[in-house]
Amino acid sequence: MSTLTGPTRDHLDWPFFGPEHRAVAERLDAFAASGALASVDHHDTDRACRDLVRRLGDAGLLGLATGDAGKTAIDSRAVCLARETLAWHDGLADFAFAMQGLGTGAIGLSGSDELKAAVLPKVTSGEWISAFALSEKEAGSDVAAMACAAREDGDSYVLDGEKTWISNGGIANVYTVFARTGEAPGTRGISAFVVFADDPGFSITERIDVIAPHPLATIRFDGCRIPASRRLGAPGEGFKIAMRTLDIFRASVAAAAIGFARRALDEALAHARTRKMFGATLGDLQLTQASLGDMATGIDAASLLTYRAAWRRDVQKLPTTKEAAMAKMTATETAQSVIDRAVQLFGGRGVRTGEIVESLYREIRALRIYEGATEVQKLIVARELIKAG
Ligand SMILES: Cc1cc2nc3c(=O)[nH]c(=O)nc-3n(C[C@H](O)[C@H](O)[C@H](O)COP(=O)(O)OP(=O)(O)OC[C@H]3O[C@@H](n4cnc5c(N)ncnc54)[C@H](O)[C@@H]3O)c2cc1C
């Protein structure tokens, strides 16, 4: 059992943050201290996720992820701090928070006023759950290979095809769906749509179990007819909309990774201080100190890249494609290595089911794959550099 109560906040002194960000961190700490996270029963993942969304909504925290239901610009630093804090406490809480933003980000960016009014307040209050449906079995990293199609028919669109790996699939009320509309080949022939879980022709065909339980599914459209007013942006703009949405949230994946890594370091430090070994403690051994030094330095380096990307977006109002990619790949890879070192420091206990570091070890793995695998982030950075030259 862990005796730790919350993350340390040394980095809030960095120049990236203002008093409003310190206030966000305090709100999140108060939320965690209230027992709202600890009292969720994680045995039923769907139910736990619904509970978490409700509790986050009741506490007024989901507005951070939706730009106060579309009324304000999303503050990337606040989203990153929220994800870092939630991930420190509970990976599923971080997931529940983040998906309310990712699932509706495209609606906030490109939806009509009617769509925004119909969806964003419900998602912000926690009444509705949202999802982002881009990936397909044959189109993960290679988005241009997308086959799911939407055909215009009078004042409707008819969707046919399948999406997989959809977070919140099965429990979401509203899905942002990307489908081929064929204006041009590849990524220029994709449009974005809003689909509701009760639209006729929409179904869940498979639930997917992963090493760190999250609601995840394959979803299917069989002649799924939706009003044309549910298209987001212009025909053929879907890929751009998806990338703009991911640009907002990519740095926040890095922040979640940092939250997991900080928790692993905090657990490792607490263990190293008390574990008796060779007439001393684990923390007295120089090899342990080298490990802890590497862990702490890696975390701060990843945090600096992450909050640099968020600050650049919020304050400089500049594109962050390159900066967010650097942050995401560095933070997720660093977190994996930090957590692995923490498991090692715990010895046998590190791999025992129920230990915090054991769950962090499972929790971090998918972050190196989704929203663009590390290899994809490297290509993004290189392309941006070459383009700028
Ligand atoms: C837990 C989880 C949640 C997810 N949630 C969502 C969601 O909500 N919505 C959604 O749309 N999708 C979601 N995904 C899907 C995720 O975005 C894809 O898994 C990811 O894009 C990789 O696609 P893929 O799985 O098809 O792997 P592939 O595209 O087959 O890639 C396999 C591997 O190839 C490597 N690779 C990729 N590109 C290159 C390259 N150019 N050169 C060399 N190597 C390369 C990478 O290591 C990659 O991991 C989720 C995935 C997971 C695991």
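In this predicted model, Val79, Ala82, Arg83, Leu86 and Ala87 of helix H4 meet Gly91, Ala93, Asp94, Phe97 and Ala98 of helix H5, where contact means heavy atoms within 4.5 Å. Helices (H or I, at least four residues) and strands (E, at least two) are DSSP runs, numbered from the N terminus. The model is predicted, so local features need pLDDT of at least 70 and side-chain atom pairs count only at pLDDT 80 or more, while totals for chains, interfaces and linings use all residues. Residues are numbered from 1 along each chain as its sequence is written, and side-chain values use heavy atoms, with hydrogens and water left out.

**H4 and H5**
- The axes of H4 (residues 76-89) and H5 come within 7 Å and cross at roughly 155°; axes are lines fitted to C-alpha atoms, for helices over the stretch in contact, and angles run from 0 to 180 degrees between N-to-C directions.
- That angle makes H4 roughly antiparallel to H5; angles under 35 degrees count as roughly parallel, over 145 as roughly antiparallel, 65 to 115 as roughly perpendicular and the rest as oblique.
- By class, the contact of H4 with H5 has 7 nonpolar, 1 polar and 2 charged residues; Ala, Val, Leu, Ile, Met, Phe, Trp, Tyr, Cys and Pro count as nonpolar, Asp, Glu, Lys and Arg as charged, and the others, Gly among them, as polar.

**H2 and H5**
- Helix H2 (residues 45-58) packs with H5 (residues 91-110) at an angle of about 65°, and their axes are 9 Å apart.
- Their crossing is right-handed; a crossing is left-handed if the near helix is turned anticlockwise from the far one by less than a right angle, and right-handed if clockwise.
- From H2, Thr45, Ala48, Cys49, Leu52, Val53 and Leu56 meet Leu92, Ala93, Phe95, Ala96, Phe97 and Gln100 in H5.
- The residues of this contact divide into 10 nonpolar, 2 polar and no charged.

**H3 and H6**
- The axes of H3 (residues 63-70) and H6 (residues 113-125) come within 8 Å and cross at roughly 140°.
- That makes H3 oblique to H6.
- H3 passes H6 in a left-handed crossing.
- Gly63, Thr66, Ala69 and Gly70 in H3 meet Leu120, Pro121, Val123 and Thr124 in H6.
- This contact has 4 nonpolar, 4 polar and no charged residues.

**Around the ligand**
- Of the 18 residues around the ligand, Phe132, Ser135, Ser141, Trp165 and Ser167 come nearest; a residue is near a molecule if one of its heavy atoms lies within 4 Å of it.
- A backbone N or O atom of Phe132 lies 2.7 Å from a nitrogen atom of the ligand.
- For Trp165, a backbone N or O atom is 2.9 Å from a nitrogen atom of the ligand.
- In Ser167, a side-chain N or O atom lies 2.8 Å from a nitrogen atom of the ligand.

**Thr181**
- Thr181 lies in the loop between strand S4 (174-180) and strand S5 (190-196).
- Thr181 and Arg151 are 30 residues apart in sequence and 6.3 Å apart in space, C-alpha to C-alpha.

How values were computed
A polar contact is a pair of N or O atoms within 3.5 Å; within protein, one must be able to donate a hydrogen and the other to accept it, and residues adjacent in sequence count only if both atoms are side-chain atoms.
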